[in-house]
Amino acid sequence: MDPLITAAARALSAGDPLAALKGIALRDDPPALALRGIAMAQLGDLRRARELLRSAARTFGPKEPVAHARCAVAEAEIALVSRDLGRSLQTLKKARAVLEASGDQKNAAHAGYLEARYLLLIGRLDEAEEVLDEFDPGVLPPASLIGRELVVAGIAIRRVRAEPARTALQRARRGAEDARIPALAREVDQAVRAFRAPAARLVAGQVERLLYLEEVERLPASNTLIVDACRNVVRLGTAAIASIGNTPMEALNSTVTEGGGGYVIPGLWDSHVHVFSSPAEPATAFPLYVLNGVTGIRDMGGLLPLVEIERIAATVEAHEMTGPRIILSGAWVDASPGSWPGMFLADSPEQARSVVRRIEGEGWVAVKSYSMLHEDVYRALASEAEALGLPLVGHIPESVSLPIAINAGHDVVEHFGRITKACSTEEAVMIGRVGQALAGADPRSAMIEEMAGHNKIVLETWDEGLCESLLVSMAEANVRVVPTLVVADFYTGKRPADLQERMAALPETVRQNWSLPDFRLSAMTDELRALADESIALDVLTFQMAHAAGVKMLAGSDASFANPFIFHGFSLLDELDRYVASGLTPREALYSATIAPAEFLGLTDESGRVHEGMRADLVIVANDPLEDLRTLRRPVAVVVNGQVFDADGLEKLRDQLPD
Ligand SMILES: [Zn+2]
C-alpha cells in the first residue's frame, strides 16, 4: 500500500485536510484524486471537491467497481452537504450494493448512513428508519457515527418524540467531543439548538404561548382536541383517531366523553343557500353560519357578479374574513326572461350547449337548471353538462317530468315538492299545461298562475305505488335531493320561537323587507292555508318514503335575504330538526349535513368526518348530538378552516353582526 495515501486517509478521518493534502496535493492517480476531493470538501470548496471526485471515479472506471463506488459515495456526500439532491439517492443505493457485495462493510455502512440522511431531508421518515436498520453502525468511522446519531435525532424530532431525540443528541455530542472535528462539533451544536427551540405556538382562547417539543408531544396524550393550524390537521389523542373506521361519530364521542370534554362533530354543510343576493349579505350571513356550526355552504345563485363572488370566497379561504367554505354552484340557467335577474338564459338547445360551455369556462362547479326551461333545451343542457363533466343540479323545470330528468342524468334535485308532485298520476297533464303557459307572451306570470292550482291536484291524485317505484328509480340512478323542508314555514307563517333573537341579527333593511306584504302570500286564504298544511304533510310522507327507498339527502335550507324568514345558519338546524321530526334518526340527519355533502362534492378526503389529516372544520357541542340535536344550537366551540372560536370567540362574532 502506498504510504502517502495511507497517511492522507488517516489525516482525513481525523478531520485534518491540510495534513492530508501535504503528501498528495500534486498527484493525479485515482486514489489521490479521491482523497484530494474529500480534503477539498472538508475545506469547504465543494465545487472543486466534486470535480476531483468525479475525475477520480472516471479514471477508476468500470474495471475497479469498488473504488468507483467509493468515489460515488464521496461525491454524493458533497451533493448532500450542498443540498443538491438530484439523482444522488439512486447513486448511493447502487454504490452501497457494490460495496456490500465486495465485502467493504465500512463504506457500505457509510453509504447507508448518507442514504438515511437524504431520506430524512426529503421527509421520507419511514424509509430513512428502514435504511438505518440495514447496516451495523459499529463499523462506521467516528464522524459518520456522529452523523448517524443526528439522523436518528432528526427523525425523532419530526415524529415529535423528545426523549429519543435528546439521547441521540447526547451521544452525538459526546462523539463530537472525542473526535475533535470542529465542523462536526458545529453541526451537533446546531442540531441541539434546533431541538431546544420552541416547536409550536399554542393558541387556546385568549392565551398564546410557545411550546417546546416535549410539550407538543404531551398534547395528544392529554386527550384534548388539537387543531394544528400549521398543517391544517386535527388530532384528538393519537390511537383514538386512528380507530374511527366506519362509525366516526360514535367512536369519537366516547373518546371525548372519557376525556371529560364535549362532543366533536364535523363542521356542518348547508347544501342550498343564497348568500350573494345583496352586497351586504355576506357580512351577516358568514358569522351566522359559523355561530350555528355551519362551516361549508353550497351557494346556489346570487345577484353579485362572479368576480365579486370569487373575490369574497377567496377572502374567506385566506382567513381575511371569517366564514364558511363556499362552493359556487349557482350558475343558474332559465328560459327568457329569467325568473331572477342576471341568470344565464337558454331558449334553444344550441344556446343551452353554449351556456354550459361558458359556465364551465367561468369555473363554476355545476350547472343549475331552473323552472322555465323547455324540455328540449333542458335535455341539451343535461347532455352538454355530462359531456363536460359538470353535475346538473337545481330545479326540475316545471314542464319536464321527473322520470325524464332522471334519465337525462339530473344529479341533484333542489326542493322536495317537485318529487311529491311527480307522485301524482296527473303529473303529465300538469307539466303539459305548464308547457302551454310557457309558450305564451308572458311565460313567467302564466306559469305561476297555472301552478297555483297544482297543489290541490297533487293532493287528490298522489299515488303511493307510483311514488314508490319513482323513488326506487331515483335511488338507483343516484339522484340526490336537497329537501329544503323549512321553506314551507314561509307559506304557513310558522315562525321560530327565538324569532326576536334571529331578527336582531339581521340588518334593518332586511327586517323591513321581510315585514312587507309578500306577493307569494297575498293570495293565501284560509282554505288555501289549510291546503298548504296538507301539502306539507304529503311532502313529509313522501320524504319519509324517499329516505326509506335509499334516496340520498343533502341538508339544505334555502336561506337568503331574498327568502323571508329563512335564516342563514339557524334554518339549517331547523331543517335537521325537520328530518328528525319526519322519522330520521339524529345520526341520519347529521349524515345529510356532513358525510353526504362531502361525498357529493368529492371532498371526502378533507370534509365530512373527524379524522387526522382532514381540513379543520369542526363543531364541539356540550351533549351527545346523536341523542338530541338541540345541543347544536349552542356550540361550545366552532373550528372553521383551522380558526378556533371558543365561547369568547363566538361571542365576539355575535358582536360583529351589523345592526
Ligand atoms: Zn334556492
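**View 1. Burial and overall form of the protein.** Of the 659 residues in this protein, 51% are buried. What you see here is a predicted model. Along its principal axes, the C-alpha trace spans about 110 × 55 × 45 Å.

**View 2. An open sheet of six strands.** Read the strands across the sheet in the order S10-S9-S11-S12-S13-S14, and notice that their pairing is parallel. Strand S10 (344-345) and strand S14 (480-482) stand at the edges with a single partner strand each, so one side of each has no neighbour in the sheet. As a reminder, strands of a sheet pair through backbone hydrogen bonds.

**View 3. Strands S11 and S12, with a helix across them.** Strand S11 (residues 367-369) and strand S12 (residues 392-394) run parallel and are joined by three bridges. Look for Lys368, which stands opposite Val393 in S12. Helix H18 (residues 375-387) lies across S9, S11 and S12, and runs at about 165° to S11.

View 4. Which residues hold the protein donors of the zinc ion? They are His272 (NE2), His274 (NE2) and Asp558 (OD), at 2.1 to 2.2 Å from the ion. Along the chain, the donors follow the spacing H-x1-H-x283-D. Both His272 and His274 are buried.

Methods. Residues are numbered from 1 along each chain as its sequence is written. This is a predicted model: local features need pLDDT of at least 70, side-chain atom pairs count only at pLDDT 80 or more; totals for chains, interfaces and linings use all residues. Side-chain values use heavy atoms; hydrogens and water are left out. Two strands pair if DSSP finds at least two bridges between them. Helices (H or I, at least four residues) and strands (E, at least two) are DSSP runs, numbered from the N terminus. Contact means heavy atoms within 4.5 Å. Axes are lines fitted to C-alpha atoms, for helices over the stretch in contact, and angles run from 0 to 180 degrees between N-to-C directions. Donors are N, O and S atoms within 2.8 Å of the metal (3.2 Å for Na, K and Ca); water is not among the atoms, so sites may look incomplete. Buried means under 20% relative accessible area, exposed over 50%, partly exposed in between (1.4 Å probe, protein chains only).
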